[in-house]
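Hi,

Here is the structure I said I'd pass on.

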Amino acid sequence: MRAFQTAGWRVSSVGLPGDHADTTAFRTVVSILGDITDKRVRELAVERTLIAYGRIDVLINNAAIGLYASPSTTPQELFMRLIDVNVCAPLALAQLVLPAMRKQASSTIVNVGSVAGTVALPWAAAYSASKAALHAIHDSLRRELHATSVHLMKVAPGIVDTDFRARVLAGEPPRAVRAIRRTVSPDTVAAAILQGIRKRRKTVYVPKIGALFALIGNIAPGVMDHYLANLIAGEASTSSVFETHLRSEKVS
């Protein structure tokens, strides 16, 4: 948000109470507190933005939640919650803003996916599935709106240096994954999104090496299988890690 504020944009933001960035320093921020999966919260966000600013130039679908579990152990109720946040809410918001956007000379919808949406991660099966679904919806919407003034941009970050892992629905990533230090900062991601909007890019990878990671997953799946298997080799399976987490949750 700060990157856009610094660039002179007027911003609306939606977030859960306690998770919201401090907006007190920004007089031009419309801040809505609530669950993005709540239809009324989404409608309120769009209504208040249009009242305050008269238009919506860019929608950035960035809200998401994680879940660390293998596909064989992913609880259905947590999977459905994750899909609701990561897939259904972004689509619903896009549908809400499109009537206003279609009336403008230009506008942009940004969907923040993930490299994990291209390369399925065995320790985060539901998360990968949700981002793959978001990618598919994004691509379909881009093709639907090809002849209109609405531009679509997909963002595929790698590991972003936030407390995302501490706020997942359940589970933990493998130790080797937790030890990865090649991360990007939220500011770097925000700057890449801002630049991508200005240049009307179709896809943005942050860091750029993520494009190579996705390419290898597509053209050499055997190589990617070997790499990911090595990341989880020599330790308890993701299922046992996940089950231990669930037991500790029940005890507490």
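Before the rest, a word on the ground rules. This is a predicted model, where local features need pLDDT of at least 70 and side-chain atom pairs count only at pLDDT 80 or more, while totals for chains, interfaces and linings use all residues. Residues are numbered from 1 along each chain as its sequence is written, and side-chain values use heavy atoms, with hydrogens and water left out.

Back to the charges. The structure holds nine salt bridges, each one a side-chain nitrogen of Lys or Arg within 4 Å of a carboxyl oxygen of Asp or Glu. Glutamate 43 pairs with arginine 40, with the closest N and O atoms 3.6 Å apart. Both sit in helix 2, three residues apart, which is about one turn of the helix. (Helices are DSSP runs of H or I with at least four residues, strands are runs of E with at least two, and both are numbered from the N terminus.) Arginine 40 also meets glutamate 47 in a salt bridge, at 3.3 Å from N to O. Shared partners join Lys39, Arg40, Glu43 and Glu47 into one network. Arginine 40 is partly exposed at 43% relative accessibility, and glutamate 47 is partly exposed at 37%.

Another salt bridge links aspartate 35 to arginine 81, where the closest N and O atoms are 3.1 Å apart. Aspartate 35 is in the loop between strand 2 (29–33) and helix 2 (39–53) and arginine 81 is in helix 3, so this pair ties together parts that are 46 residues apart in sequence. Aspartate 35 is partly exposed, with a relative accessible area of 25%, and arginine 81 is partly exposed at 29%.

Now for the inside. In soluble globular proteins, nonpolar side chains tend to be buried together. The largest nonpolar core here has 16 residues, and Val110, Met153, Val155, Ile193, Ile197 and Val206 touch the most other members. By nonpolar core I mean a set of buried Ala, Val, Leu, Ile, Met, Phe, Trp, Tyr and Cys residues joined through side-chain atoms within 4.5 Å. At least two residues of this core come from each of strand 4 (107–112), strand 5 (150–157), helix 6 (186–199) and strand 6 (203–206). Helix 6 gives the largest share, five residues. Leaving aside neighbours within four places in sequence, isoleucine 193 is in contact (heavy atoms within 4.5 Å) with Phe4, Ile60, Val110, Val112, Met153 and Val155. Apart from this core lies another, of 15 residues, among them Ile36, Leu59, Ala94 and Leu152.

The buried residues of helix 7 are Gly210, Ala214 and Gly217. They cover an arc of only 60 degrees around the axis, which puts them on the same side of helix 7; the arc is that of the directions from the helix axis to the C-beta atoms. These buried residues pack against strand 6 and helix 8. In helix 8, Met224, Leu228 and Leu231 are buried, and they cover an arc of only 50 degrees, which puts them on the same side of the helix. On the other side of helix 8, Val223, Asp225 and His226 are exposed. The buried residues of helix 8 pack against helix 5 (175–178) and helix 7 (209–219).

Finally, some backbone details to look up. Most residues other than glycine have a negative phi, and most peptide bonds are trans. Arginine 200, in the loop between helix 6 and strand 6, has a positive phi of about 55 degrees although it is not a glycine. The peptide bond from valine 206 to proline 207 is cis, with omega near -5 degrees, and proline 207 lies in the loop between strand 6 and helix 7.

Cheers

Technical notes:
Buried means under 20% relative accessible area, exposed over 50%, partly exposed in between (1.4 Å probe, protein chains only).
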